Amino acid sequence: MASTKIPLTLLDPDGGWVNAPVHVSELDGLPVLLHFWTMDCEDCAKQFEAVNQWVVDYGPKGLKVIGVDVTHNETELRDTNKVEGFAREHGLRYPIAMDDGSMAKAYGVDKHPAFLLFGTDGRLKNRIGGKDAVRRVRTLLKDLPGQEPPALHGEVSREQEDQVAASNP
């Protein structure tokens, strides 16, 4: 997978945000996990508990988690009240960008849920989607404590992820 820099304009602090806007300067030198989801996705909802736990476990170690609600209905696009209510209902503890689809399109995210993991250099390191995404992301984040996961310094292949997952059930 070719490394890709985070398109800074896609994380517009003046756009629709829930829980708190994220300013691009806050991401400098940090690993970033983007979690793409939709409010009507059952598999997405099943992942929220794990993602919240990663905020608790890895946030203090530098990981910045940002949810991306990919809205497909123009009337919901700027309905922050609806997304805020959804976030409260699901106990989401991380900032949520309300995407009109441009961010998902820019990253080639066409199925939900999906995770994009960026390294400290701001480049895309891993694209992870599907029902087993939580297990695969957990494998990448598991190696802490006290330092950022080695997976964020370089690219990790699916085969490497599966080898790590098999050795750490």
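The side chains of Lys-125 and Asp-121 make a polar contact at 3.1 Å; such a contact is a pair of N or O atoms within 3.5 Å, where within protein one atom must be able to donate a hydrogen and the other to accept it, and residues adjacent in sequence count only if both atoms are side-chain atoms. Lys-125 belongs to strand β6 (residues 124–129) and is buried, with a relative accessible area of 5%.

The model is predicted: local features need pLDDT of at least 70, side-chain atom pairs count only at pLDDT 80 or more, and totals for chains, interfaces and linings use all residues. Residues are numbered from 1 along each chain as its sequence is written, and side-chain values use heavy atoms, with hydrogens and water left out.

**Overall architecture**

- The chain holds six helices and six strands, in the order β-β-α-β-α-α-β-α-β-β-α-α from the N terminus; helices (H or I, at least four residues) and strands (E, at least two) are DSSP runs, numbered from the N terminus.
- Of the 169 residues, 44% count as buried, where buried means under 20% relative accessible area, exposed over 50% and partly exposed in between (1.4 Å probe, protein chains only).
- The accessible surface is about 8,500 Å², and carbon and sulfur atoms account for 48% of it; areas come from the Shrake-Rupley method with a 1.4 Å probe, and for residues only the protein chains shown count as cover.
- Among contacts (heavy atoms within 4.5 Å) between residues at least 6 apart in sequence, 75% join residues at least 24 apart.

**Disulfide**

- One disulfide is counted, defined as a pair of cysteine sulfur atoms within 2.5 Å.
- This disulfide joins Cys-41 to Cys-44, with an S to S distance of 2.4 Å, and is right-handed, with 80 degrees about the S-S bond.
- Cys-41 is buried at 13% relative accessible area, and Cys-44 is buried at 0%.

**Nonpolar cores**

- A nonpolar core is a set of buried Ala, Val, Leu, Ile, Met, Phe, Trp, Tyr and Cys residues joined through side-chain atoms within 4.5 Å.
- The largest core has 27 residues, of which Leu-33, Trp-37, Trp-54, Tyr-94, Ile-96 and Phe-115 touch the most other members.
- Two or more residues of this core come from each of β2 (32–37), α1, α3 (80–89), β4 (96–99), β5 (114–118) and α5 (133–141), and α1 gives the largest share, six residues.
- A second, separate core of 18 residues includes Trp-17, Val-109, Phe-118 and Leu-124.

**Aromatic pairs**

- Six aromatic pairs are found in the whole structure; rings of Phe, Tyr and Trp (its six-membered ring) pair if their centres lie within 6.5 Å, and planes under 30 degrees apart count as stacked, over 60 as edge-to-face and the rest as tilted.
- Trp-37 and Phe-48 have ring centres 5.2 Å apart and planes at 85 degrees, so the pair is edge-to-face.
- Trp-37 lies in strand β2 and Phe-48 in helix α1, so this pair ties together parts eleven residues apart in sequence.
- Phe-48 and Phe-86 also form an edge-to-face pair, with centres 5.9 Å apart and planes at 80 degrees; the pair links helix α1 to helix α3 across 38 residues.

**Asn-52 in helix α1**

- Asn-52 lies in helix α1 (residues 42–58) and is buried, with a relative accessible area of 6%.
- Not counting residues up to four places away in sequence, Asn-52 touches His-90, Gly-91, Leu-92, Arg-93 and Tyr-94.
- The C-alpha atoms of Asn-52 and Tyr-94 are separated by 7.3 Å, although these residues are 42 apart along the chain.
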